[in-house]
Amino acid sequence: MKRTLKTLSILLAVLFVTSCNDLDLNYNPVQPVTVPSNQRLPAIQANLAYSLYSQARYTSFHSYYLTTRTGNSNAQTDTWNYNNITRMGAWRWHYFDVGSNIAGPAGMMLRAQEDGDNNYIGVGKILLAFSFLGATDVFGDMPFDEAYNGSFNPIYDSQEKIYENVERLLDEGINELQNVGESARSMNALSDVIYAGDYGKWISFAEAVRARLKLHTANFTNGYANLLTTVNTALGGFEDAMFVYPESSVSTWEKNLWGESRPSPEWQFADIRNDLLNTLPTDVLMKALTIDEATQQFDPRLYKLTTPGANNKYLGAQMSIGLNSANTNLPTGTTYQDFANLYNGYWTADNSPYPYMIKEELYFIKAEAAFYLNDMETALAAYKQGIEHNLRRLGVEEGQIINFMGSIRVVQNADDLEISDIMMQKWIALYLQAESWVDVRRYGYGTHAYPDMYYPRFALAEWGGRYIQRFVYDPQTEYVYNPKEIARLGAGARDWIFTPLWWVEKSNLKTP
Amino acid sequence: MKKTLHLLFAMLVLTSHTVFAQETTVRGVITSSEDGLPIIGATVKVDGTNIAASTDRNGSYEIKVSKGQTLNFSFIGMLSVSRIVGDEPTIDVVLDPDQQSMDEIVVTALGIERNKKNLTYSVQKVSGDDLRASNQGNILNGLQGQIAGAQISSSGGSPGLPTEIILRGSTTLTGDNQPLMIVDGIRVNNSSSNGTVNRVADINPEDIEDISILKGAAAAALYGIDAASGAIIITTKKGKEGVIQIGGSYKAFVETMGRLPRQQGIYTTGTGGTYDESSGSSWGRKFRYDEPIYNNVERFFQTALTHDANLNINGGSEKLQYYVSGGYRNAGSMVPNTEQDKINFLIKGTAQLSSKMSLTASANYIQNNIQEGLGGATAGGWINSILTYPLKYDILNYERPNGEPWYAYIEPEDDGRDARISPMWGVMRNPRNNNVDRFIVNGNLEYKPLDWMTLSYRLGQDYTASKYRTVVTPGTPGDFFEGRVNESNGNSRYVTSIFNATMQKDFLDDFNVALILGGSSDYYESAGLGYQAEDFLVPDIFSPNVVTKDGLILTETLTRRQRYAIYGDLSVSYKNLLTLAVTGRNDWTSTLSPQHRQFYSPSFSGSFTFSELINPDSWYGKLRASYARVGKDAPIYKTNTNLRQVATIGGGFVVDASGGNPDLKPERTSEFEIGTELSFLDRRLNVDLTYYERKSIDMIMTPRVPLPSGYVIMTFNAGSLKNNGVEASVNAIPIKTNDFMWSTTVNAWKNTSKMLEFAGDIVTFKYTNAQLNAGSAATTLDKHVLGIVGTDYKRTEEGYIVVDANGYPVIDGTEKDIGNREPEFNIGWLNKINYKNFNLSFLWDFRFGGDILNASRQRMMSVGTAYDIGQWRDKEFVFNGVVAQEDGSYVKNEKSAVLDYSYFANNYYQVGTNFVEKINWARIRFITLGYNLPQSLASRMGVQRLGLEFSTQNPFVITNYSGGDPEVNSAGPNAGGSGASTMGVDNGAIPLAKSFSFGLNITL
């Protein structure tokens, strides 16, 4: 009996011990918790390109570059109705994929701080500032002070305050880059996909972002002179900030999101995938790129921004109508093949670079600032530089450049320069970029700046003729967790997106 | 074969025999005094020896015995009888039922068998036979309607789809609401990863002896950390002492589609009323008379055949009993290219090692391979592509004679990437496969050092090797035109190790004290390796071997969890009159931070058998009450944040979308339950009533969170909710004669839930996996938990719809709670009728109220294939509503409005209430008619018993639902691990099939 008990208890003890483990095993042994900054930055830069795309996916419709083929079919782009969307991708791309990877609770800056990599902190802050500027320009008020502190119901800061913080981040970033520590980990082409670790270029980029920011408010802050200084500083050392994709790759991760293969590297992309196949160029775009309709003479950039359609015709579709037969003013029997193909243009191929910011934008900022300072000669010169730089970028032949620069499409005389000339040329140069929507809204969609614009046929009657002004916050999270702030802002209303942003409200450019 | 087996086991049995001289052979028949029928499997034992025999199918026995020895006749539930052997060669015995042991024995927490009479909480038992009468491959489906308080809903009619079971309402908004699953004392895997079948469906229904359902926290309190949602305790059959019994069965099922959603067959493709070949939506002109219109939904589904064969052997001696079974099931499906191949093998034995020690061991091997043509997403959507496919194309036309895809519409510039193709292409060419090899081993050593004390140690492991694979054949329009194969291989195991000491002793004649002390360890590990390979270089080999290097992504996963617990259970009974019980359990878990990782779960309960006071023999009546508070830990690895590698240019690491939360606290559930059990007329009428109130506090959720927090998904303590309800189970035997018996059971229940508190400022919480445009599955503060949130029309204070000046109703932009997906009332009604050799059983299932969010219709509405569009499009209609006047008053709307595309797309489609339907149903779950061939005929055929069975499952449903079958659950039990219960959400659900079966049962 005793022996049996003893044997049994030993047996039990052995069995029990074999099935015992330490309780401290709630960590994932096959995934890292932290990696050095040089292994974080490239992914942040790739995500920033995605983030900018996630805004442009819709703003390119709202700024009248594109419209759907079928017309009256897409709630957001044709009827300006965002009430039934499940997610707003652009919110996530800014706050999580870009912002959290820089400054979040597990962001790059944490490790950079520990390791003394203040160069990565500098670039991180500049990228964060840039991302915040783009995000607030589509969303308006949003959390800044209480972002990344763990709160599920942070206070939304006013856009004005966010603008101040963006500038502060730019200053801090520039300061870090001007004082890179001896012990800082090196930054090179492997870890910095944009500028290969050239701090000077990053500082110029920061100034360019500052110029973009100042342009949005200069009209009501009397800031054009100041802006002109900033933009000149930026132009001093600026080089295009582009996220470049490889010439050819089979990986869906290594393609421009505007590309023909409609890349969708992760399921989160589903709601922001490009649909250019079922999209047509608008009549606004076609008019802007036409020199003489009768002779079918076009701006040479048309052939660079798009590829020929099957019928080699270049029609333009009305906003929100497309080919919707009952409402179109297009010739009977028009098909999508009578339009330019939107894929495989300079900005819309799988291997196109994705622009953060391009030099043309700075020329046109300079032109606009000088225009309002009544320095027409400077304005004209910058305007022409912008056009010419764009023609050259798109690979237009030298002969054609000379021809075009001398055509009626380009203002030759400073006295003839109108604001619409600057804005329309900027609009073409910034084809598909979200920044164009900022300009369009600053000018209140007005024909004094955008002569061919009109109110879309299928915008819902309940909007009462108002133009779309902003994106909704992410319905799946913000409206659920932060109902008090949403209520304070009034963002729960069906027509919330028709409420102007701070700098639109203040803008005195909306009417001529 | 039979002979060999007989010989083999006879040899085993013989080894323990002692042969006497002067033997005679005694024969006889043992019958029951209750009904006069022979008792099968009764034991005849020679007193003081190991010699024993069992009665056969006719109740006859024969045994070699010496004159003067005593024979003991015994059978479970009967009073034993002893006879001294004299000269007579025949001893027939009539056994009387033992009123004492007539009391039902039920299996409770930790596999402890208790007398239901003294039980202090509600436990419901479903016998293996009742389960099998339903003829369902998935045992959870077989339980439908048989348990009061269990809401069981399958995700649809395909063998690879999961079924969800919720006891007494849901306890959390994201994650698993399902009860703990225990098979023979060890925890088993019931996950449904990737939206595939819930893994308890692997268990062969043929092997099940019975199932105990511990509905409340008190019943399950000894499971502590897992007790919050109740527990399902499955006991498999075990070997019985006596003659070898060999049984076999074969069943064949024919399955056809059930109730289907309707479509319009009037308008062809296009937009704005004109024909457009390039458009995939059906908003074009009317079909011309010469254009074919295909009823694609009906054409898609087919008739399928299922075979199910089983064999089991059962027998043993006093020292060793065994049960061996094997099963094979080859199931077809009404969904094309869908089938299941399942093999079960179970061997189980109990050895009496000494008079005080016994060992039970079992091994269960399962292979379950399922191929499915329809692959949904985590949010369901199985047949959406079929519901929206234009009716001008034949869905069955999907490939060309050379096997290449046949595109219904393709633009000249397109290589097929953006073409339109019949959904049948995907079904036939891009199926998903889930292959499982599972091995459950279980050993239990029991030692009885004293007659009032039992020590037991159990060690078990449920090991599942699962392969999940999806293929996209090159040429398939869409993202993966060049082809893709995704595979994840996972090996998971649950290791359970339990030590129990059970002490039971009578004191002072009238007191019985039972004490259980124990400890357990529960380890879970899942290691996975998966790959995603794109762009096949060789188009007909679907392997990562034939893709370029940068088209290949590998992922390794490893999750682990360890839990320990110690517990005790003390119960004191006085004279069968009064029982009081206290349990306590302390858990330690690895999934919470050290400061939160241990918690205590107590329960208190009591029962009062008041019938003992007044004439206890004629009736039975008991009151019971219990209170329990149990804790629950968090999902694995939710306390810290990891980085994840990305494949973008330059590579590098990003923050994982799921952020860690080191402050997670355990979730707590407290439950109060009160009930009564009554029994009259010699136990021919039994009533069991229960009321419960359950509160879940600090429930742990893993939803999407505000992005400014820095994460996309996070686990946190999100609030509290309450469920309360009543359960009634009435069992009656209205007729009982020698030839005829009718037994009927009605299970009825109602559960009401309320969201009590949300963390932070949350008022309405939408479930990630069920947000379907105008309506979402969601929970709103102070409302029912399984709600629907969406928009409604603008209404006046009196409730009239406000109509605008153009005659169209006005949408109210504010979303609110517009539905409750939980049925208001449920009834399951099981009937069993025996007449001579015939037996018939059938189950009615009634559901009253509860809403469905009909997202399938919403989907069809957006592309123009919905039935109502055919009925109403372009017609003029005067909306029943009121128009606001300038002075603020309202007048009745008289203006007619045209129901055109813009109306449907921008008005009707945007309003959630248009897609919420309150439904009722009356349905037959199954009818099973069995017939046993007369004994004489059977023996002439060389078998002991031959039974025939005709059965039908889900033959009809009567319902007011406008869609397909109203049993819907779009995302299954725990979609992707973070989804919530989606019962009542119809998002392209595959309607339940109806089937008819024929079966054959043989006992050798």
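Reader: Hi! Which sense do strand 20 and strand 21 of chain B pair in, and over how many bridges?

Author: Hello! This is a predicted model, and in it strand 20 of chain B and strand 21 (residues 320-332) of chain B pair in the antiparallel sense over 11 bridges. The two strands form a hairpin, with three residues between them.

Reader: Nice. Which residue stands opposite N314(B)?

Author: That would be Y323(B), in strand 21 of chain B.

Reader: And how many bridges join strand 17 of chain B to strand 20 of chain B?

Author: There are 12 bridges between strand 17 (residues 242-257) and strand 20 (residues 304-316) of chain B, and these strands run antiparallel. As an example, G242(B) stands opposite G316(B) in strand 20 of chain B.

Reader: What holds paired strands together in general?

Author: Strands of a sheet pair through backbone hydrogen bonds, either parallel or antiparallel.

Reader: Let me zoom out. How many helices and strands does chain B come to?

Author: Chain B comes to 11 helices and 60 strands. Its C-alpha trace spans about 105 × 65 × 65 Å along the principal axes.

Reader: What feature does UniProt place at residues 387-796 of chain B?

Author: An unreviewed UniProt entry places the feature "domain: TonB-dependent receptor-like beta-barrel" there. In the model, that span of chain B is 2% helix and 61% strand, and its end C-alpha atoms lie 36 Å apart.

Reader: Chain A next. How many helices and strands are there?

Author: Chain A has 19 helices and six strands. Its radius of gyration is 26 Å, close to the 24 Å that the globule rule gives for 512 residues, so chain A is as compact as a globular protein of that length. The C-alpha trace of chain A spans about 110 × 60 × 50 Å along its principal axes, and 55% of its 512 residues count as buried.

Reader: Is helix 15 of chain A largely enclosed or left open?

Author: Helix 15 (residues 419-429) of chain A is largely enclosed by the rest of the structure, because nine of its 11 residues are buried. Among the buried ones are D421(A), K426(A) and W427(A).

Reader: What covers them?

Author: The cover includes helix 10 (283-288), helix 12 (359-372), helix 13 (376-393) and helix 16 (435-442) of chain A.

Reader: How many residues does each chain put into the contact between A and B?

Author: The contact takes 77 residues from chain A and 71 residues from chain B. On the chain A side, helix 4 gives the most, with six residues. The residues on that side divide into 39 nonpolar, 30 polar and eight charged.

Reader: Last topic: how many residues has the largest nonpolar core?

Author: The largest nonpolar core has 300 residues, and those with the most contacts inside it are A129(A), I182(B), A220(B) and A231(B). Helix 6 (residues 118-139) of chain A gives the most to this core, with 13 residues. There is also a second, separate core of 19 residues, which includes V44(B), L71(B), V93(B) and L95(B).

Reader: What is A231(B) in contact with?

Author: Leaving aside neighbours within four places in sequence, A231(B) is in contact with residues including A109(B), P179(B), I182(B) and Y223(B).

Definitions and conventions: Residues numbered from 1 in each chain as written. Chains lettered and ligands numbered in written order. Predicted model: local features only at pLDDT ≥ 70, side-chain atom pairs only at ≥ 80, totals over all residues. Core = buried A, V, L, I, M, F, W, Y, C linked by C-beta atoms within 7 Å. Buried ≥ 20, exposed ≤ 12 C-beta atoms within 10 Å, placed from the backbone. Helix = DSSP H or I, 4+ residues; strand = E, 2+ residues; numbered from the N terminus. Contact = placed C-beta atoms within 7 Å. Nonpolar A, V, L, I, M, F, W, Y, C, P; charged D, E, K, R; others polar. UniProt positions renumbered as here; feature names shortened; annotations may be inferred. Rg over C-alpha atoms; globule rule 2.2 N^0.38 Å. Pairing = 2+ DSSP bridges.
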